Amino acid sequence: MRRALELARQAFPLSDPNPRVGCVLADADGRVLGEGFTQQPGGPHAEVMALRDAAARGADVRGATAYVTLEPCSHHGRTGPCCDALVAAGIARVVASLRDPNPLVAGQGFARLQAAGVQVEVGPGAQESREMNIGFFSRMIRGTPWVRLKVAASLDGQTALANGRSQWITGDAARADGHAWRARAGAILTGIGTVLEDDPRLDVREARVARQPPLVVVDSRLQTPGSAALFQVPDRPVWIYAARHDAAAEAALQSRGATVVHLPGDGGKVDLAAMLRDLAGRGVNELHVEAGFKLNGSLLREGLVDEFLVYLAPKLLGPGQGMVNIGPLQELDAAVALEFVSVDRVGADLRVLARIPGRAAF
């Protein structure tokens, strides 16, 4: 199962919006007969890849055990049911980490395997597999993506100087690591303030990807200019969420290949909760947020942020722009409580992953 989990990690970011799954086929003596991981949407799943690998090795898998990091699927999508492929190959035992939360599967894969006489065990590697697929579980169970808010800041919590300058607070290693997190996301979110002030591309440049994650722009009044650098990324979907109609602005953005979605909320702003539900409908598992402190604050105040990905540089900037606009608070009890998931050194900087307590309990 440890090897299956290693293989599942190789599905980053290839398999999205499907889960990251690895599979190892082994005989009774523990000899590996075949292995594989889920490919791009429409491509073979981990179990089929492992069966193909076994065939290429000339291995006989009849009576073997399949170690797989998620329940084999039981439905017809772009590919056939993996549980049927395992039964047809003569697999005698399946050890799986987790039940698939997809309502189209949700235990039916296990049931079909057992009905065919296959022994099923569930549990090994469950926590690691779930963390690897936390966005998929979020989308299937909550109906919204897992929202990860990324910021780069000085040790005193400033993301920019008072004049707005922010390039670069953290070092090269931290920026490269940030691109790896962009690469694993189902989409990248920013706000119109960042677009107008920084004119970023917000693409993945320092990690290998099979596709660029779609870009989401919260732009209540449709102010995104057609000349924006974000339109210079080939073959990347751009989804712009607006709160008001402006036929001319919308036509101009559509001519640049953007999709405009109207989701008006209170105060002339975009309904951010509705936006997350819409993004889930578009297959977004993990939403990677790189925005300014105002949009960050709005997402946090509305209870839409699941975790923070914070890069801290060993610098002090003094008064400037903070991470989120949530204050000023009057009582310490009003502080937003977080729990550390991990703290790691990345080059000269620190990478802190901190989660809103209880957000993963779904």
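Predicted model: local features only at pLDDT ≥ 70, side-chain atom pairs only at ≥ 80, totals over all residues.

Me: How many bridges join β1 to β2, and do they run parallel or antiparallel?

Reply: Strand β1 covers residues 22-26 and β2 covers residues 32-37. They run antiparallel, joined by 5 bridges.

Me: And what sits between the strands of that hairpin?

Reply: There are 5 residues between the strands. Among them, Gly30 takes a positive phi near 85 degrees.

Me: Switching to the open sheet. What's the strand order?

Reply: The order is β11-β10-β9-β8-β12-β6-β13-β16-β15. That makes 9 strands, with mixed pairing.

Me: Which strands stand at the edges?

Reply: β11 (258-262) and β15 (339-346). Each has a single partner strand, so one side of each is left without a neighbour in the sheet.

Me: What about the twist?

Reply: From one strand to the next, the twist averages 20 degrees.

Me: Which helix packs on the sheet and touches β6, β12 and β16?

Reply: Helix α6, residues 134-141. Its direction makes about 135 degrees with that of β6 (146-154).

Me: And α7, which strands does it lie across?

Reply: Helix α7 (residues 172-184) lies across β6, β8, β12, β13, β15 and β16. It runs at about 165 degrees to β13.

Me: Back to β13 then. How many bridges join it to β16?

Reply: 6 bridges. β13 (residues 307-313) and β16 (residues 349-355) run antiparallel.

Me: Which residue of β16 is the bridge partner of Val310?

Reply: Val352.

Key. Residues numbered from 1 in each chain as written. Heavy atoms only, no water. Pairing = 2+ DSSP bridges. Helix = DSSP H or I, 4+ residues; strand = E, 2+ residues; numbered from the N terminus. Axes fitted to C-alpha atoms, helices over the stretch in contact; angles between N-to-C directions. Contact = heavy atoms within 4.5 Å.
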